[in-house]
Amino acid sequence: MTDELYMQRCLELASLGMGNVSPNPLVGCVIVSDGKIIGEGYHEKFGEAHAEVNAIKSVTEKYGDQAAALLANATAYVSLEPCAHFGKTPPCADLLVKHRLKRVVIGNKDPFEGVDGKGIEKLKNAGIEVVSGVLEAECSKLNRRFFTRIRKQRPYIILKWATTANGYFAPENSVQEWISGPMAKTLVHKWRTEEDAILIGKRTAIVDNPKLNARAWEGKNPLRILIDRNLQVPQGNHIYNGLAKTVIFNEHKTEVHNNIHYIQMEDMQYYLPQKIAFQLYLMDIQSVIIEGGANILHQFIDGNLWDEARVFTASKIWRAGVRAPQINGYIADQFTLNNDKVTIFLNNHS
């Protein structure tokens with residue numbers, strides 16, 4: 001087996017932490033001795049043990065007294081540079097040095113200021129052979145949310161909407177009407193478990209009265225974010241229920257009532273997407289899905305403040321309605337769900 005195959009296994013392990021480790025990165029670790037995998041681990045939950053710790057623990061639990069000799073002859077594969085700083089846990093680079101591993105193979109350097117090459121430097125200074133950049137593009141894609149937050153001081157922003165075959169997004173009147181099919185709903189709920197937050201505007205909250213949870217898929221509910229400048233959404237709407245923490249950006253007050261957090265913003269008619277993105281960054285929100293309505297989506301598109309757009313195109317045709325947003329990006333993926341087509345766009349210039 002090659003370095004790339006072991007790193008691919010690291011990525012598979014790392015992805016198991018999706019939805020549970022933010023604002024930390026997703027990391028997987030595989031330990032190999034004499035061509036055999038002797039330990040595996042991944043970062044399972046924010047604030048708990050990192051991937052390298054779990055992988056070494058799996059070796060010591062399985063091999064007991066033989067573990068020290070096996071580790072001293074082993075290669076550790078890790079999808080992201082081992083941390084070099086004391087955070088909620090001790091530095092993983094120190095742990096690998098302590099167990100005298102022979103070689104460490106890394107997918108990505110960690111751009112976080114407390115690491116950023118320092119982990120690699122510690123390993124090399126201890127006489128450990130270090131190889132980096134293995135499956136670098138794949139590792140970067142897995143941690144695109146983390147890298148966006150560190151490098152751009154904002155969350156990874158995903159836009160999502162559904163459109164009819166002839167380009168309509170919503171009815172002209174204030175009536176909720178489903179465009180996409182039931183499988184699309186299930187997929188959207190899966191996506192919700194993978195991101196930190198979900199955001200809608202006032203009109204969507206009033207017309208659709210959505211719950212914004214992940215009831216059709218097992219996993220955590222995202223933080224719900226409502227843009228309601230003058231607090232016009234009725235308190236009886238689903239977004240005010242106790243199913244998830246809810247943040248309401250408005251121009252009137254900053255208060256907390258149980259799970260409802262009101263955050264006051266000034267002059268919301270100006271640079272709203274930029275203000276929201278920075279506020280979410282300050283709140284350690286690593287990713288957000290924006291589910292509408294049309295006004296909010298257009299503001300983020302016009303401000304070029306998005307990374308990914310996920311668009312459902314249904315087979316149905318409407319005679320009239322609100323036109324769906326137009327997006328300039330390149331198609332990264334496309335697939336069908338029953339009668340719906342799903343297109344994933346990535347931003348060329350975000």
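Glutamate 194 and lysine 190 sit in helix H8 (residues 182-194), four residues apart, which is about one turn of the helix. Helices (H or I, at least four residues) and strands (E, at least two) are DSSP runs here, numbered from the N terminus. The side chains of this pair meet in a salt bridge, with 2.6 Å from N to O; the term stands for a side-chain nitrogen of Lys or Arg within 4 Å of a carboxyl oxygen of Asp or Glu. Keep in mind that this is a predicted model, where local features need pLDDT of at least 70 and side-chain atom pairs count only at pLDDT 80 or more, while totals for chains, interfaces and linings use all residues. Residues are numbered from 1 along each chain as its sequence is written, and side-chain values use heavy atoms, with hydrogens and water left out.

The cut-offs: buried is under 20% relative accessible area, exposed is over 50%, and partly exposed is in between (1.4 Å probe, protein chains only). Salt bridges with shared partners also tie Arg144, Arg145, Glu195, Glu308 and Arg310 into one network.

## Salt bridges across the sequence

There are 17 salt bridges in the structure. One of them pairs arginine 9 with glutamate 40, and their closest N and O atoms are 2.8 Å apart. This one joins distant parts of the chain, from arginine 9 in helix H1 (residues 3-15) to glutamate 40 in strand E2, 31 residues apart. Arginine 9 has 29% relative accessibility, so it's partly exposed, and glutamate 40 gets the label partly exposed with its 26%.

Lysine 160 and glutamate 291 make another salt bridge, with 3.5 Å between the closest N and O atoms. The pair again links distant parts of the chain, 131 residues apart: lysine 160 belongs to strand E6 (residues 156-163), and glutamate 291 to the loop between strand E13 (287-290) and helix H11 (294-302). Lysine 160 counts as buried because its relative accessibility is 14%, and glutamate 291, at 14%, is buried as well.

Positions from UniProt follow the numbering used here, feature names are shortened, and the annotations may be inferred rather than shown by experiment.

Leucine 212 is in the loop between helix H9 (202-208) and strand E9 (223-227). With 2% relative accessibility, leucine 212 is buried. Apart from residues up to four places away in sequence, it touches Arg192, Ile198, Ile200, Pro222, Arg224 and Ile239, where contact means heavy atoms within 4.5 Å. Arginine 215 is also placed in the loop between H9 and E9, but at 46% it counts as partly exposed. Beyond its neighbours within four places in sequence, arginine 215 contacts Lys185, His189 and Arg192.

## A second annotated site

Which residues carry the "binding site" feature around cysteine 92? The unreviewed UniProt entry puts it at His50, Cys83 and Cys92. They are spread over 43 residues of sequence yet cluster in space, with 9.2 Å as the largest C-alpha distance.

Histidine 50 is in the loop between strand E2 (36-42) and helix H2 (51-63), and cysteine 92 is in helix H4 (residues 92-98). Cysteine 92 is buried, with 1% relative accessibility. Its contacts, not counting residues up to four places away in sequence, are His50, Glu52, Val53, Pro82 and Cys83.

The protein splits into domain 1 (1-148) and domain 2 (154-347), with bounds from an automatic or database domain assignment. Taken over C-alpha atoms, their centres are 35 Å apart. Nine residues of domain 1 contact 14 residues of domain 2.

About 970 Å² is buried between domain 1 and domain 2, and carbon and sulfur atoms give 48% of that. Buried area is the accessible area (1.4 Å probe) that two parts lose on being put together, summed over both. Two salt bridges are found across the interface of domain 1 and domain 2.
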